[in-house]
Amino acid sequence: MTKKVELKDISNLCKRRGFIFQDSEIYGGIGSVWDYGPLGVELKKNVKDEWWKRMVYERNDTEGLDAAILMNPETWKASGHVASFADLLVDCKGCKKRFRTDKLEGDKCPECGGELTEPRSFNLMFKTQVGSVEGKTEDVYLRPETAQGIFVNFNNILNTTRRKLPFGVAQTGKAFRNEITTGNFTFRSREFEQMEMEFFVKPGEDEKWYEYWLKERMDWYFSLGIRKENLRLREHAKDELAHYAKRCHDIEFMFPMGWSELEGIANRTDYDLKKHSEISGEHLVYFDSATNERYTPYVIEPSGGIDRAVLAFLTDAYRTETVRDRERVYLALDYRLSPIKVAVLPLLKKKPEIVEMCHKIREGFKGRYRVVYDDTASIGRLYRRQDEIGTPFCVTVMWIRWKTVKQL
Ligand code: GAP
C-alpha cells in the first residue's frame, strides 16, 4: 500500500537518482531555479514529445513555432504585462522578509509578527539590456509567457501556411518570472518551460472550441496515466480572471501540497491580436474568403507548465511497497514517459559470454530507445534500481548449462 506522498519524497528521489538538482548547488544554489539531470532531461523531453505529438503530429489543424525569448519591449506594453503583470507585496519592517498580500492572513508578518509596510506593486518580469555600446543599451524583458511570440507572428504564419480558421499554433519553450512566493520544489520556479497552444477561431465559435479544449487537455493527462481522482477542472471566478480572459479554467492536480494549477485554459478573445495591431500598426486580421469578411479571430489558449507536468507525473507514479519488512519505492510511469526504456542486466558479470550477449542486446536497440547496461550490483538490486526510476523493460541474460535444461 502506498502511503501519502510528501513533496520531500519526490525531491529526495529526484536528487538521489539524478532527475532534478538544485541549480548552481556548489555555490549554495539560487532560489527556485532547477537543473534537470540525466534522468530528468529524458523525462522532460518525453513529456514535451508527447505533447507535440498530440498537439501537432496527430492533428491537421495546427502548426509549430519556436520564437525567441527576447522580444521587442513594445510587445509587453501591448500585451499588458508592463502595466499589470505584477503582484502586490509588503515587506516586514522587522525581519525584512517579503510577502504577497493575497497570501497573507492578518496584518502582521507571519514569520516574526513584525509590522508590515504598505503594499507596493512588483512587476514579475526579469529585465535585461541589449546593445553593444556602453550607455546606449535598451531595456528588454525575458518573456514571462511563450504566447506573445505566437501572436506577433500571426501574419507570418498565416501567409506562409495559408491556413483557414480554425487553426492553432503550438510552441514549447522557456519562460521567466521573478516569483515572490516560491518553495514547493519545482512547482513555482523563476525559470521554467511552458507548452502553449494558441488556437484561432471565428468569433462566435469560441465557446464551442473552449469546451472542446477543456476535454481534450484533460484527456491528454489521463492518456498518459494520471489517475482520475488526481485531476479536476476549476473555473476562475470573475475577479480572478487575467486582464485578457473572458473565461478560464485551471486543470488542477492533487500535488502533495494540495490541489494546485497544472494548466490553464483561457478564452483570450481577440484581445492580444487587437492590441498588437493597435500598437504595431500592422493589421493582424483574417480574411474569410467564404463570407468576404475581414475580422480578428478569437483565441482559445491551453497553456501548460512542463515542469509542473513532470512534477505531476512523478507524484502520480510514486508508489511504495514493503518487501521482506523493507520499504521500497517504485515509479509506475507510463512507458512513453519513462527516462530509460530498457535495462540490460547480466545475471553474472564474471561470465564473458553473458556480458557479450548483454552488449549485443543493447546494441540492437541503439538509436531507437534509451537503453542502459548495468552490472554494478546483484541482480535483485539492479531490478530495484530500475523499478525506482520507472523502467518498463528489463532484460536479464543468464547462463544455463544444457544438462540443466534437460533436467527441467
Ligand atoms: N500564456 C498564459 C499563461 O502564461 P499562466 O497561467 O500564467 O498563463 C501557464 O501560466 C502555465 O505555466 C501554468 O498553468 C503553469 O503550469 C505554468 N507556470 C506558470 N508560472 C510558473 C512558475 N513560476 N513555475 C512553473 N510553472 C509555471
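**A first look at the helix, the cores and the ligand site**

Welcome! In helix H2, the buried residues are Leu39, Gly40, Leu43, Lys44, Asn46, Val47, Glu50, Trp51, Arg54, Met55 and Val56. Keep in mind that this is a predicted model. The points below start with that helix, then turn to the cores and the ligand.

**Helix H2**
- H2 covers residues 38–57, and at 1.5 Å a residue its 20 residues should span 28 Å.

- In soluble globular proteins, nonpolar side chains tend to be buried together.
- Here the largest nonpolar core has 57 residues, and Phe19, Val47, Tyr221, Leu262 and Phe313 have the most contacts inside it.
- Helix H9 (residues 306–317) gives the most to this core, with eight residues.
- Leaving out residues up to four places away in sequence, Tyr221 touches Met195, Ile226, Leu231, Ile251, Leu262, Glu263, Ala309 and Phe313.
- Another core, of 17 residues, lies apart from this one and includes Phe151, Phe154, Leu165 and Leu273.

**Around the ligand**
- There are 21 residues around the ligand, and Glu145, Ser189, Glu196, Glu261 and Leu262 come nearest.
- An N or O atom in the side chain of Glu145 is 2.6 Å from a nitrogen atom of the ligand.
- For Glu301, a polar side-chain atom lies 2.9 Å from a ligand nitrogen atom, while for Phe187 a polar backbone atom is 3.3 Å from a ligand nitrogen atom.
- On its own the ligand has 560 Å² of accessible area, and the protein covers 91% of that.
- Strands S10 (191–201), S13 (258–269) and S16 (298–305) each give two or more residues to the shell around the ligand.
- S13 gives the most to that shell, with five residues.

Methods
Residues numbered from 1 in each chain as written. Predicted model: local features only at pLDDT ≥ 70, side-chain atom pairs only at ≥ 80, totals over all residues. Heavy atoms only, no water. Helix = DSSP H or I, 4+ residues; strand = E, 2+ residues; numbered from the N terminus. Expected span 1.5 Å × (residues − 1). Buried < 20%, exposed > 50% of the residue type's maximum accessible area, 1.4 Å probe, protein only. Core = buried A, V, L, I, M, F, W, Y, C linked by side-chain atoms within 4.5 Å. Contact = heavy atoms within 4.5 Å. Near = heavy atom within 4 Å. Polar contact = N/O pair within 3.5 Å; in protein donor to acceptor, adjacent residues only side chain to side chain. Areas by Shrake-Rupley, 256 points an atom, 1.4 Å probe, with all protein chains shown as cover.
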